[in-house]
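Trainee: I've got a model open and I'd like to learn how to read it. Can we go through it together?

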Amino acid sequence: MKRFLVSYEWKDPDNKHDALIRAIKEYPAWCHVLKTQWFVCHSGDSTSIFNELRPHIEDSDRLLVSEFTGNHVGWLGQKAIDWLKNVQQKPVPETEKATS
């Protein structure tokens with residue numbers, strides 16, 4: 001499975017977007033990285049993830065899905081670092097999930 005970074009921004013930060021979070025947690029593997037960013041694993045492509053998540057946001061919100069490959073650097077929490085190391089070293093098991 002490929003790894004993707006899902007980022008979103010709410011136009012109205014008070015609006016609850018529980019449906020989007022539930023949809024993200026349906027992926028075989030996920031990790032909540034930053035306040036509005038998640039890593040997910042999926043066998044498809046960025047477009048398929050976008051199309052699955054788009055119904056869960058408002059027209060005024062923003063959503064970005066990017067395949068997470070190649071060179072990257074960051075300062076993240078230990079759970080996110082461990083999750084990335086784990087999914088990069090082996091195929092992702094169906095139950096590989098992490099919470100922040």
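**Cysteines, strands and cores**

Mentor: Let's begin with a cysteine: Cys 41 has 0% relative accessibility, so Cys 41 counts as buried. Buried means under 20% relative accessible area, exposed means over 50%, and partly exposed lies in between (1.4 Å probe, protein chains only). Before we go on, this is a predicted model, where local features need pLDDT of at least 70, side-chain atom pairs count only at pLDDT 80 or more, and totals for chains, interfaces and linings use all residues. Residues are numbered from 1 along each chain as its sequence is written, and side-chain values use heavy atoms, with hydrogens and water left out.

Trainee: How many disulfides does a search of the whole structure find?

Mentor: A disulfide is a covalent bond between the sulfur atoms of two cysteines. The cut-off here is a pair of cysteine sulfur atoms within 2.5 Å, and the search finds zero.

Trainee: What is the bridge partner of Cys 41?

Mentor: Cys 41, in S3, partners Arg 3. Helices (H or I, at least four residues) and strands (E, at least two) are DSSP runs, numbered from the N terminus. Two strands pair if DSSP finds at least two bridges between them. Strand S1 (residues 2-9) and S3 (residues 37-42) run antiparallel, joined by six bridges. S1 also pairs with S4 (residues 62-67) in the antiparallel sense, again over six bridges, and there Tyr 8 stands opposite Leu 63.

Trainee: Why is S1 largely enclosed by the rest of the structure?

Mentor: Because six of its eight residues are buried.

Trainee: And how do I read a nonpolar core?

Mentor: In soluble globular proteins, nonpolar side chains tend to be buried together. A nonpolar core is a set of buried Ala, Val, Leu, Ile, Met, Phe, Trp, Tyr and Cys residues joined through side-chain atoms within 4.5 Å. The largest one here has 16 residues, and Val 6, Tyr 8 and Leu 53 are among those touching the most other members. S1, helix H1 (18-24), S3, helix H2 (46-53) and S4 each supply at least two residues of this core. A second, separate core of 11 residues includes Cys 31 and Trp 83.

Trainee: Which side chains meet in a salt bridge?

Mentor: A salt bridge is a side-chain nitrogen of Lys or Arg within 4 Å of a carboxyl oxygen of Asp or Glu. This structure holds one: Asp 59 and Arg 54 meet at 2.5 Å, N to O. Asp 59 is exposed at 66% relative accessibility, while Arg 54, at 27%, is partly exposed.
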